Amino acid sequence: MEEQIAELAAQVAALQSSAATTNTTFAETFYYLTIPLMIIIHAGFLAYEMGASRLKNVLSSGVKNILAFAFMIPTFYFFGWWVYWGFPTGLPGAPGPAGISGIEYANAIAWGWGDSAQYMGPNIADQASGVFFGAFALFAATTASIMSGAVIERIQTVGFVILAVVLGSFAWVVAAAWGWHADGWLVTQWGLHDFGAAGLVHAVAGFFALGVLINLGPRIGKFNADGTANHIAGHNMPLTVVGLMLIIVGFWGFLMACVIVPGEAWSWFADKPSTIYGTPITLSALSFNILMGIAGGIIGSWVLTRDPFWMMSGALAGIISVASGMDIYYPAMAFVIAFSAGIILKPCANWLENRGIDDAVGAVTVHGTIGLYGLIMLGVFGAGTPALQGEGAPTISLIGQLVGAGVFFLLGFVPGYVVSLILKMLGMLRIPEGAEVAGMDEVKVPTHGYPEGIPAPGVNLAPGE
């Protein structure tokens, strides 16, 4: 009997070990797959911005977008990841109530050297850190790329890279630490809830871009002497629309990476997935609400504009508008909110343009304005829902979402404006007028995207060409 019991116990232990290994492998694979899905976002941004550029600027726009991605990975590795874990409670980086934040904690897990390097490099005993880092690094790269489209055709490459690093590896990371972490003070003190990062990614990036655009100024030929605006068309609208669709595809990976899988030491629960706040979520809920967000945004924009560019921008705006509460909304509610976002999208972009802001692709409106709109709508329709897991946890409220909206606006706009102003004073922000008229590809890139479209030597391009 004792031998049988011992044998049975050994079999149970083996099954438990096998189940744990299977779950860990699933968890690792889950986040691993979100990374290439999010890279599709960057393929989309690349096509989107190159299509929105004129022939003379198409490759310089592409180079800028590629560099935003490339510089974000090492800078997020060397200090962005550390900021996320170090400052959820704010300065001076004290530990939070969940015990997974603060300077001391960040020093232990988020430096690429010393004792913490075991978590920041190959380690067969750690199957989580690398894939988590990879997913967050792609969040950072996405944030930087949002700003990229707004400033095409007149920004210096080095100045842009500096701005991208400030945005993607610092400004956004502070917002994530404060509002996308279980110890974040906006969460614990104000009940902020932003599951899909409408405010802390999109609004931060959109209003960072606004701060840059104020100092960068409009493209030559964009505005007339009386302040009226001219439309400067990109060279390839089909490429731009396809790029927007690729961004939508990549969004599935972005939102998938916002889910915490069950059954791991770092999971909220052993038996069910959760949001980053520990509140309930399922991939089924994401499927309903992502699709309804896409459809609602497209239909709303189509009703108002009939323009395929704004229809696909509306698809993106639709997802962003419901992203904060995608774990909470019923699909019908998600559709209504996304539809309304599609309706207001073009008028908001027109309002900004009428104030002399030349946002080449509408990034400030699509990401900034609609990001805050979505954050606030959750305060209206999701009020009273738990914002965080745990007994006595704060609940979602309109006031809390408004506070978060204000903080995210400032975290975007202030560094965007200040850093771009410094670059402007140093002569590192905008290309010279002659280079802008000739085309950035002619002076900044050692090749041409469309050689047959280059004018003969001595022929100058008009400002709108």
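## Exercises on buried charges and paired rings

Arg 219 is buried, and Asp 358 is buried too. Buried means under 20% relative accessible area, exposed means over 50%, and partly exposed lies in between (1.4 Å probe, protein chains only). The model is predicted: local features need pLDDT of at least 70, side-chain atom pairs count only at pLDDT 80 or more, and totals for chains, interfaces and linings use all residues. Residues are numbered from 1 along each chain as its sequence is written, and side-chain values use heavy atoms, with hydrogens and water left out.

**Exercise 1.** State the average pLDDT of the protein chain, and describe residues 456-465.

*Solution.*
- Start with the term: pLDDT is the predictor's confidence in each residue, from 0 to 100.
- The protein chain averages 92, and 92% of the residues score at least 70.
- Over residues 456-465, pLDDT stays under 50.
- For that stretch the model has 13 contacts (heavy atoms within 4.5 Å) beyond four places in sequence.

**Exercise 2.** Locate Arg 154, and decide whether this residue is buried or exposed.

*Solution.*
- Find the loop between α4 (129-150) and α5 (157-179); Arg 154 is there. Helices are DSSP runs (H or I, at least four residues), numbered from the N terminus.
- Check the accessibility. Arg 154 has a relative accessible area of 0%, so Arg 154 is buried.
- Look at the backbone. The side chain of Arg 154 reaches the backbone oxygen of Ala 150 at 3.3 Å.
- List the partners. Leaving aside neighbours within four places in sequence, Arg 154 contacts residues including Leu 213, Pro 218, Arg 219, Asp 358 and Met 440.

**Exercise 3.** Trace the salt bridges that Asp 358 forms with Arg 154 and with Arg 219.

*Solution.*
- Recall the idea: side chains of opposite charge can pair when their charged atoms come close.
- Apply the rule: a side-chain nitrogen of Lys or Arg must lie within 4 Å of a carboxyl oxygen of Asp or Glu. The count is 8 salt bridges.
- Take Arg 154 and Asp 358. Their side chains meet at 3.8 Å, N to O. Arg 154 lies in the loop between α4 and α5, and Asp 358 in the loop between α11 (331-353) and α12 (363-381), so the pair ties together parts 204 residues apart in sequence.
- Check Asp 358. Its relative accessibility is 2%, so Asp 358 counts as buried.
- Take Arg 219 and Asp 358. Their closest N and O atoms are 2.8 Å apart. Arg 219 lies in the loop between α7 (198-216) and α8 (237-256), so this pair ties together parts 139 residues apart in sequence.
- Widen the view. Arg 54, Glu 153, Arg 154, Arg 219 and Asp 358 are linked in a network of salt bridges.

**Exercise 4.** Classify the ring pairs that Phe 133 makes with Tyr 77 and Trp 81.

*Solution.*
- Use the rule: rings of Phe, Tyr and Trp (its six-membered ring) pair if their centres lie within 6.5 Å. Planes under 30 degrees apart count as stacked, over 60 as edge-to-face and the rest as tilted.
- The whole structure has 35 aromatic pairs.
- Tyr 77 and Phe 133 have ring centres 5.7 Å apart and planes at 90 degrees, so the pair is edge-to-face. Tyr 77 lies in helix α2 (residues 58-86) and Phe 133 in helix α4, so the pair ties together parts 56 residues apart in sequence.
- Trp 81 and Phe 133 have ring centres 6.1 Å apart and planes at 80 degrees, so this pair is edge-to-face.
- Trp 81 and Phe 133 are buried.

Methods:
Helices (H or I, at least four residues) and strands (E, at least two) are DSSP runs, numbered from the N terminus. A polar contact is a pair of N or O atoms within 3.5 Å; within protein, one must be able to donate a hydrogen and the other to accept it, and residues adjacent in sequence count only if both atoms are side-chain atoms.
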